[in-house]
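Hi there,

Here is the structure I promised to pass on. Have a look, and my notes follow below.

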Amino acid sequence: MSPVGSITMNHSAHKGQPGGAAGESAMAGQHAPERASDSLVGQRVSVFDLNAVSLRELLASWGEPAYRATQLLEWVYRGATRFAEMTNLAKPLREKLTANVDLRRSQIVRRQEARDGTIKLLLRWPDGQTSETVLIPEGERRTTCVSTQVGCPVGCVFCASGLGGLKRQLSAGEIVEQAMRASEACAPVRLSNLVFMGLGEPLANYQATVQAVRTINAEWGLAIGARKITVSTVGLPSQMRRLADEALQITLALSLHAPTDELRRQIIPWAKRVEIAELIDAGRYYFEKTGREVTLEYVLLGGLNDSAEQAVALGRVARQLRSNVNLIPYNPVEMLPFCRPREQDVGHFLNHLREAGVNAHIRASRGLDIDAACGQLRYRQGLEARPDQTNVFPDPNQTVPGRPPVP
Ligand code: SF4
């Protein structure tokens, strides 16, 4: 998830109820075919929805030996965009693949590059929906931030992604394809890190998210190390536990944004059904099962959650979870009435955390001269497509449908 004006990334989920195991499991994605035979009858498939097993099954059903799957995957994750390039595959097989399998489904409809090298891509899918993907260069590191949903159902009050709510889930293949687009954008340098912090709540599109993680991590896939993959959530306790049980060594980031339930409920509508104490329990479970400490993300909103008392309270939560804390000074979104915290308040907040023994950092803003806050590029593109709706929220005090009043 990423709210904030920079590359800070977002997350969110669906139109359903956030709290409770039943509600959370109902949100899990349905876009992850397990077997080729389940998904390929009479329809085209994205190559990114296939894994090594299902691809082998597909090719076997065409009478091809298993090693063809290995050859094909090498081409795919080396970035081939046409089967015709795959010269070690026989022509009849290439033709059959062309007739049945998509190598790319997205079109890049907008590309923005910031002075610091941050690149933001707006991808359009065949159904006309769009999603955002960001590439952040930093020294040797190349990090991409991918979206898991089109829009966001959580509706955090400070975030552009929640404007307009959820449109649909992204499939595992669409998530992986975003990573491939980012990989192409940074070539010849290799993509090194990946964060699920774009539009959408990853754990509310659970199945697709986990399938995408496995492909991104796989040696036959993008081969990004599990410890360099981060899934960010506003906190769905039962899905956090489920993720812990997957035996993946990925990092889980919890977007807290407020140290008390009362304030959190004003900022994150879904927090009305989940208490911080439940998140602490789920976070501890994640640590026990994976040995990976949960990271806390905290967007600092000027005058709202950046006081000394709130820093002390956040320190208490962080110590209970043994968490590092990433502080993200808010970058204003033009249609929302929140402001960036003052620099001295950010410094004091950080010091209070450190004095409490918490390992805390301020996350540098990236891509400030482009629409880098999650959802902004997509939202702006939508407004351009519908110029009659440019004045959606003319009054900062106006209640946004589906959101609590701005505190
Ligand atoms: S509205 Fe959605 S995308 Fe935005 S910060 Fe909240 S959970 Fe993340």
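For what comes next, a residue is called buried if 20 or more other C-beta atoms lie within 10 Å of its own. Please keep in mind that this is a predicted model.

Ser 255 has 32 other C-beta atoms within 10 Å, so Ser 255 is buried. This serine is found in strand S11, which covers residues 251–255.

Of the contacts with a separation of 6 or more, 70% are between residues 24 or more positions apart.

I also looked at a pair of helices. The axes of H6 (residues 172–186) and H7 (residues 206–217) come within 8 Å and cross at roughly 40°, which means H6 is oblique to H7. Their crossing is right-handed. On the H6 side the contact is made by Ala 172, Ile 175, Val 176 and Ala 179, and on the H7 side by Ala 208, Gln 211, Ala 212, Thr 215 and Ile 216. Seven of these contact residues are nonpolar, two are polar and none is charged.

A word on confidence: the average pLDDT is 85, and 80% of the residues score at least 70. However, pLDDT stays under 50 over residues 1–41, and it is also below 50 over residues 383–407. Where pLDDT is low, the predicted coordinates should not be read in detail.

Best wishes

Methods
Residues numbered from 1 in each chain as written. Predicted model: local features only at pLDDT ≥ 70, side-chain atom pairs only at ≥ 80, totals over all residues. Contact = placed C-beta atoms within 7 Å. Helix = DSSP H or I, 4+ residues; strand = E, 2+ residues; numbered from the N terminus. Buried ≥ 20, exposed ≤ 12 C-beta atoms within 10 Å, placed from the backbone. pLDDT = per-residue confidence, 0-100. Axes fitted to C-alpha atoms, helices over the stretch in contact; angles between N-to-C directions. Parallel < 35°, antiparallel > 145°, perpendicular 65-115°, else oblique. Left-handed = near helix turned anticlockwise from the far one by under 90°. Nonpolar A, V, L, I, M, F, W, Y, C, P; charged D, E, K, R; others polar.
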